[in-house]
Amino acid sequence: LIAILPVFYVCVAYGLVEAWRWCAARRSAAAALLLFGCALLLSARSVRTLALPWRQDVITFGHVSAEQRQAFEMLQRMTPSDAVVASMLNGGAIELHAGRQSVHPAPWTAKEMQVWSDALYARGRAFYVLDDGEEMGVVLARLADAYSLRVVARLGLPYFAVGGGNLPRTAVLYRVEAAP
C-alpha cells in the first residue's frame, strides 16, 4: 500500500521517528529489544530484495544476470554493427547491452514481414532473429518461406512465455539470409 498511496510514506516516517524517540527516552532493555526486533523484521522482509544483484534465480522482467549480460556481449560480437535483431521481449536489452537495433515482428502480417525484410536487405543490412519466446515460432515460419535461416548460436538469455513469465529454454540466434 505504501507504493500505491504515497501519503503513507509520511505516516511511516513519522511512526519510525516517534518509535526512535520513545526508545531513546526509555533507555531500557525492553525499548532496545523492541527497536532491535523492528529492525530485524524489516531486514528479514527486505533481504531477498537487497540481494537481487547477487542472486542467480531471479526471474523478473528487466533483470539481467551476469551470465545473461555475457550472452548479450556474445550476441554483439557475433553480429555486425549495423545488424537488426528481431526478438520477442529482449529488444530493449539487445539495444542496451548489445548495441544492436531490434524489432518485435510477431504482430506483423506475412506481407508486412516480407516488405520489411526486403527493404532491410535492399539497404544491405544484416538481419538476425533471436528465438527468445513462444511467439517467435510464427516469425521463423514466415521467414523460412522466403529466406534461409542459419543457426548462429544458442544463448543463455530469457525465453518468454506468451502472456508473461519465463520458460526454461535456451534462446537461439538465427541469421536470416537470402534463399539460394
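The model is predicted, so local features need pLDDT of at least 70 and side-chain atom pairs count only at pLDDT 80 or more, while totals for chains, interfaces and linings use all residues. Residues are numbered from 1 along each chain as its sequence is written, and side-chain values use heavy atoms, leaving out hydrogens and water.

Let us begin with helix 2, residues 29–50. Helices (H or I, at least four residues) and strands (E, at least two) are DSSP runs, numbered from the N terminus. Helix 2 has 22 residues and spans 29 Å from its first C-alpha to its last, close to the expected 32 Å (1.5 Å times one less than its number of residues). A kink of about 35° is centred on Ala44; the bend is the angle between axes fitted to the seven residues ending there and the seven starting there. Helix 2 is hardly covered, with one buried residue among its 22 (buried is under 20% relative accessible area, exposed over 50%, partly exposed in between, with a 1.4 Å probe and protein chains only).

Now for the charges. The whole structure holds four salt bridges, each a side-chain nitrogen of Lys or Arg within 4 Å of a carboxyl oxygen of Asp or Glu. In helix 1, Arg21 and Glu18 lie three residues apart, about one turn, and their side chains meet at 3.1 Å, N to O.

Arg150 meets Glu177 at 3.2 Å, N to O. This pair links distant parts of the chain, strand 4 and strand 7. Glu177 also bridges to Arg175 at 3.6 Å, and Arg150, Arg175 and Glu177 are linked in a network.
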